[in-house]
Amino acid sequence: QPAALVDPKMLDVKNLEYASRATIVFQRCSVIVGDLVLLVGAMRLAFSVAAPKSSPDRAAWVAAALLLCSPGLILVDHVHFQYN
């Protein structure tokens, strides 16, 4: 597990109030990396299924925007991690 390399104490289940600087940076960076993976995947999907007869760039950007601006994703991913 990558978390164990950063700060092994963050993996202790009984230590719920633990928050070192390394833990906070790791958690924030893992969310950013996860969002970037989602962005790349959404863009690849959108550009691969864009209708070739219509303007493919516009259709791909609309599809990617719809995937990335999903209310469920925003609420669960960003708001949840902001307050926890």
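**Note on aspartate 7 and its surroundings**

1. Aspartate 7 touches Tyr18, Ser20, Ala22 and Thr23, when residues up to four places away in sequence are left out of the count. The model discussed here is a predicted one, and aspartate 7 is found in it within the loop that lies between helix H1 (2–6) and H2.

2. The charge of this residue deserves a remark. Aspartate 7 is buried and yet has no salt bridge, and the nearest side chain of opposite charge, that of lysine 9, is 6.1 Å away.

3. What joins the side chains of aspartate 7 and threonine 23? A polar contact of 3.2 Å links the two side chains, and threonine 23 itself lies in helix H2, which covers residues 21–49.

4. Is threonine 23 buried or exposed? Its relative accessibility is 3%, and threonine 23 therefore counts as buried, since that term applies under 20% relative accessible area. Leaving aside residues up to four places away in sequence, threonine 23 touches Asp7, Met10 and Tyr18; Tyr18 is also among the residues that aspartate 7 touches.

5. Phenylalanine 26 is found in helix H2 as well, but with 24% relative accessibility it counts as partly exposed. The residues it touches, again not counting those up to four places away in sequence, are Pro2, Ala3, Val6 and Met10. Between phenylalanine 26 and aspartate 7 there are 8.8 Å in space, C-alpha to C-alpha, although the two residues are 19 apart in sequence.

6. Helix H2 also holds isoleucine 32, which belongs to a nonpolar patch on the surface formed together with Leu36 and Leu39. The accessible area of these three residues together is about 260 Å².

7. Turning to the protein as a whole, there are 4 helices and 0 strands, and the elements run α-α-α-α from the N terminus on.

8. Among the contacts between residues at least 6 apart in sequence, 24% join residues that are at least 24 apart.

Notes. Residues are numbered from 1 along each chain as its sequence is written. This is a predicted model: local features need pLDDT of at least 70, side-chain atom pairs count only at pLDDT 80 or more; totals for chains, interfaces and linings use all residues. Side-chain values use heavy atoms; hydrogens and water are left out. Helices (H or I, at least four residues) and strands (E, at least two) are DSSP runs, numbered from the N terminus. Buried means under 20% relative accessible area, exposed over 50%, partly exposed in between (1.4 Å probe, protein chains only). A polar contact is a pair of N or O atoms within 3.5 Å; within protein, one must be able to donate a hydrogen and the other to accept it, and residues adjacent in sequence count only if both atoms are side-chain atoms. Contact means heavy atoms within 4.5 Å. Lys and Arg count as positive and Asp and Glu as negative; His and the chain ends are not counted. A salt bridge is a side-chain nitrogen of Lys or Arg within 4 Å of a carboxyl oxygen of Asp or Glu. Patches are made of residues with over 30% relative accessible area and no salt bridge: like charges are joined within 9 Å, nonpolar side chains (Val, Leu, Ile, Met, Phe, Trp, Tyr) within 5 Å. Accessible areas come from the Shrake-Rupley method with a 1.4 Å probe; for residues, only the protein chains shown count as cover.
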